[in-house]
Amino acid sequence: MQTVDMQQLKSGEVNLGTSIMAVQFRDGVVVGADSRTTTGSYIANRVTDKLTHIHDRIYCCRSGSAADTQAIADIVHYHLQMLTQQSGERPTVHIAGNVFQKLCYENKDALSAGIIVAGWDKDAGPSVYNIPLGGGLFRQPWAIGGSGSTYVYGYCDATYQEGWGRDETVNFVKNTLSLAMSRDGSSGGVIRMCVITEDKVERLFVPGNELPKFWEGEEVLKLIAPVKKRHEFTDDMAVEV
Amino acid sequence: MDPSLRIVPSSAPKTASVQDTSNSFGLHDTLRYGPRSLATEVQTTSAIKDRLENWEATQDNLKLTTLRNVYGLHAPVRLLMERKAVSYNPHMPARSTSNIHLDVLMGRDESVDCADFMMPSSELRQPLDIHAEMEKKLRM
């Protein structure tokens, strides 16, 4: 008997094929993401905001199924609001990461969600937590995720340095996401970033026409023989009928 | 309450089967329903049906588990205790039961569902079998 598999991301379901990242620096974290949401090959939303507010100084980057990650983020937001009321102070990023991790692990058979949680708290300062598909929790100085991340592991490994300030980190995120977006079909649009520090959260926006450009193959095209000469060559080879 | 953070009902098949035709001993009641037949014993699991049937209970359970994790075990215990206290019905199993207090506690006092206005309850009611109802209730 044909039974519908309710649990998996069905073909054509709205997908956050994506490039997301978060990097920790001296005074805070920079989180960044592309802005493409796809339903199969149709881009359902080309200006998506994948950086979701979880708490005052805690944001999360969502990749995977759009519905799954929104549902989880809502539950965690609710949970942390209750914690804030109870304790009277902001929850730490470690707590937020653990709440995400509990949900992702216990529902791992039904979810398709890769989440990066990052923020600032007064106990640990800036921190970045990566929660990949299985529901593990990993604290890292920088984390990349989504389908586009596979193309930029090398670039990130080669470029990342400890001890950066705000501007260098923002540039690192901008360049990395730009490279990922240019190679991954499921990533594109604009770059959205949040810089989270003790004092504030600053939202940055890089439109599609201002993305950093890398090698685009212009010099390769110049090596091909100019068009005029090709026409002459063709005339010599013309076949008379 | 199940201390789990399931967001949606899981598709795990249940192995225990509760027969509709069971008597007070848990066996098939031949005198009332005739010889055993395949129709009453085979249970086809439909993923979507199970999901929809268990939806509200799963969401409620998630909220209770969150309360437990944030405030401690007493929070969901008190709520469940209130619900139980309010569900006590000393009367004989009567035809129409409406429990406004329980609706208020469950947060559905201000919502109207299809079942509330579509079919008159007199047509849904099965033939009066007070004895069977009382038996079920007192064996609890």
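The model is predicted, and local features need pLDDT of at least 70, side-chain atom pairs count only at pLDDT 80 or more, and totals for chains, interfaces and linings use all residues. Residues are numbered from 1 along each chain as its sequence is written, chains are lettered from A in the order in which they are written, and side-chain values use heavy atoms, with hydrogens and water left out.

**Chain B**

- Chain B has nine helices and zero strands, where helices (H or I, at least four residues) and strands (E, at least two) are DSSP runs numbered from the N terminus.
- Of the 140 residues in chain B, 16% are buried; buried means under 20% relative accessible area, exposed means over 50%, and partly exposed lies in between (1.4 Å probe, protein chains only).
- Among the contacts in chain B with a separation of 6 or more, 52% come from residues 24 or more positions apart; a contact means heavy atoms within 4.5 Å.

**The contact between chain A and chain B**

- The contact takes 18 residues from chain A and 18 residues from chain B.
- Together the two chains bury about 1700 Å², with 65% of it on carbon and sulfur atoms; buried area is the accessible area (1.4 Å probe) that two parts lose on being put together, summed over both.
- One salt bridge is counted between chain A and chain B, a salt bridge being a side-chain nitrogen of Lys or Arg within 4 Å of a carboxyl oxygen of Asp or Glu.
- This kind of bridge joins B:R6 to A:D109, with the closest N and O atoms 2.7 Å apart.
- On the side of chain A that touches chain B, α1 (66-87) and α2 (93-106) of chain A each supply at least two residues.
- The largest share of that side, seven residues, comes from α1(A).

**Salt bridges involving chain A**

- Over all chains, the count comes to twelve salt bridges.
- A:K50 and A:D34 meet through their side chains in a salt bridge (2.9 Å, N to O).
- A:K50 lies in the loop between β5 (42-45) and β6 (51-55) of chain A and A:D34 in the loop between β3 (28-33) and β4 (37-39), so the pair ties together parts that are 16 residues apart in sequence.
- A:K50 is buried because its relative accessibility is 0%, and A:D34 is buried because its relative accessibility is 0%.
- A second pair, A:R90 and A:D56, forms a salt bridge with the closest N and O atoms 3.3 Å apart.
- A:R90 is partly exposed at 44% relative accessibility, and A:D56 is partly exposed at 35%.
- A:D167 forms a salt bridge with A:R166, the closest N and O atoms lying 3.0 Å apart.
- Salt bridges that share partners join A:R166, A:D167, A:K200 and A:E202 into one network.

**The residue A:G146**

- A:G146 is placed in the loop between β11 (142-145) and α3 (153-159) of chain A.
- With a relative accessibility of 24%, A:G146 counts as partly exposed.
- Leaving aside residues up to four places away in sequence, A:G146 touches A:T18, A:I20 and A:S63.
- The C-alpha atoms of A:G146 and A:D184 are separated by 10.0 Å, and these residues are 38 residues apart along the chain.
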